[in-house]
Amino acid sequence: MNVMGIIFANDATLGGLTDKRTMASLPYGGRYRLVDFHLSNMSAAGIRHVGIITRHNYQSLMNHIGSGEEWGLELEEGGLEFLTPYATSTTDQYHGKLSAIYEAMDVMEFGPEDEYVITCDSAIISNIDLQKVLESHIASGKDVTVVTKAGIANGKKQLDLALKLDAKGNIVDIAVDYIAPADYLASMDIFVMSKQYLLRTVREFNARNKFHMDRDLVMGQWVNDDITLNVYQFDGTALYNESLNEYYTNSLALIDADIRHDLFTGNHSVFTRVRDRVPSYYGEGCQVKNSILADGCMLEGTVENSVLFRQVTIGKDAQVRNCVIMNDTVVGEGALLECVILDKDVVVRPGAKLCGTPSHPLMVKRGDLV
């Protein structure tokens, strides 16, 4: 069965972390990018036609994905394609996901003869069996399948799309941009529909200035009784990286072996671009506790409850606790870091003190000297 995957690369922002990169290319877990989870999910489901819709700052994303070989995809027509505004439209003005799909209509209409389309958003990562999702959609006979997750709604977090079911599993309420109570399901921003249904709907909606997947296609059509919806409830780990605090919390959550196993090997393996480095060096006086370290690090100080990416240097007598430190960052001798996110190529001066809190981590932009 022919299926096309669409990955939206840009829809969420995390301040300084996404100023110069797409959400999809945001580093995660020591050596991965958020897009790796979506590409791996699609590859494991046998999806070989994948379009990545991105608007700006996508050079690092293209560099990371390369030819697509690591995911069994090929960067060519009918395989893996970057759908940029400059390649598919005369304007880069963005209104919503349906608008972005409309700008890529030529590729979708005249590409491979796919029967179904699965769309996903880069910010929410999981290790999900998309083949089961597709089977559920086909068996339901509904227009659209929405993948959801229980336990995310808590009366505090605003959800892009929230759904409430009755005891029989029927939808009784749908809301967008809603701080939903705990009895609602949160959309994982994964949708399944036939390709013809999507193309027909996008054309109709564009003519009426309707551009949003959640508000216009799902909730708007459901309220008017113009759409049938199938709800697929995912019971694995789903991490919502929709704010700086969520990204920080979800990064440190990987220290939990159960979460790490479920996310990286639950249904299948998660692949990333291979970048071999020398093993990490542990100095005589260093101490490392309850942390995740990538290769190529130089460790002379103390690291606790932290995630270190490739080629991070921790100087002598430096103390790093509850931190996320990205590639090629240098922490000077005697520095103290607590609840901090350091982007790539940051240099922390010897003796510097940087302290945030678990609910408000301190973030240092790429290449800064502090």
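These legends walk through a few close-up views of a predicted model. Residues are numbered from 1 along each chain as its sequence is written, and side-chain values use heavy atoms, with hydrogens and water left out. Because the model is predicted, local features need pLDDT of at least 70 and side-chain atom pairs count only at pLDDT 80 or more, while totals for chains, interfaces and linings use all residues.

**View 1. Helix α7 covers residues 195-207.** Helices (H or I, at least four residues) and strands (E, at least two) are DSSP runs, numbered from the N terminus. The 13 residues of α7 reach 19 Å from first C-alpha to last, close to the 18 Å expected at 1.5 Å a residue. Its buried residues (under 20% relative accessible area, 1.4 Å probe, protein chains only) include Tyr-197, Leu-198, Thr-201, Val-202 and Phe-205. After α7 comes Asn-209, with a positive phi near 55 degrees.

**View 2. Here is the largest nonpolar core, with 40 residues.** Such a core is a set of buried Ala, Val, Leu, Ile, Met, Phe, Trp, Tyr and Cys residues joined through side-chain atoms within 4.5 Å. Strand β11 (residues 185-194) gives the most to this core, with 4 residues. Leu-130, one of the residues with the most contacts inside the core, touches Ile-118 and Ile-190, among others (heavy atoms within 4.5 Å), leaving aside residues up to four places away in sequence.

**View 3. Thr-272 sits in the loop between α10 (257-265) and β14 (281-282).** Thr-272 counts as buried because its relative accessibility is 8%. Beyond residues up to four places away in sequence, Thr-272 touches Arg-31, Tyr-32, Asp-36, His-64, Glu-70 and Trp-71.

How values were computed:
Expected span 1.5 Å × (residues − 1). Buried < 20%, exposed > 50% of the residue type's maximum accessible area, 1.4 Å probe, protein only.
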